[in-house]
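The sequence and structure come first.

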Amino acid sequence: MSLSMSGAEVGDVPHRTAGQYLSLIAGVLFLLLAVGGFVVSGFSDPTGSNHQQQVVGFAVNPLSNAVHLVLGLLGVAAYTGRRRARAYGLLLFVACAALYAYGSVVADDPVGNPLNLNWPVNVLHAVAAVLGVLIALVPVKLGRPPSTAELR
């Protein structure tokens, strides 16, 4: 417990929430996938559908690497605030659910697959969408709000 300016005890408020930690973990994993993807695929042929270019079973190309890089950077940035983490969770859910739905239609089809999606990447997007829901909806334990007398 900590003391407010009036000397009354105020419940401990966690510095970081579970949503913030989950955002950081998701962000770091997406960053690792993006960096590894750029190492494997380089920057040429941004929409190539060569399933031989893989990082731990995930097919990659420069366009999909850029998407994962953005999701990773946003996840790391979301670690800095509760509201940012919740917003990131919502964004992660919407983006990855859309990628999963799109990938379910075009996975393993080299013609209409500019993101080079394969089934392992599709499963990753499904899991990330569920993680996004968890990040957005995880309860935040807050202490007792200060009274008006404590705010003076």
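Helices (H or I, at least four residues) and strands (E, at least two) are DSSP runs, numbered from the N terminus. Arg83 lies in helix H3. Arg83 counts as exposed because its relative accessibility is 76% (exposed is over 50%, buried under 20%, partly exposed in between; 1.4 Å probe, protein chains only). Its C-alpha atom is 9.1 Å from that of Gln20, 63 residues apart along the chain.

The model is predicted: local features need pLDDT of at least 70, side-chain atom pairs count only at pLDDT 80 or more, and totals for chains, interfaces and linings use all residues. Residues are numbered from 1 along each chain as its sequence is written, and side-chain values use heavy atoms, without hydrogens and water.

**Nonpolar cores**

A nonpolar core joins buried Ala, Val, Leu, Ile, Met, Phe, Trp, Tyr and Cys residues through side-chain atoms within 4.5 Å.

| Core | Size | Members |
|---|---|---|
| Largest | 10 residues | Ala26, Phe30, Leu71, Ala78, Tyr88, Leu92, Cys96, Ala128, Ala129, Ile135 |
| Another, apart from it | five residues | among them Val106, Leu115, Leu117, Val121 |

Which residues does Ala128 contact, leaving aside its neighbours within four places in sequence? They are Phe30, Leu92 and Cys96 (contact means heavy atoms within 4.5 Å). In soluble globular proteins, nonpolar side chains tend to be buried together.
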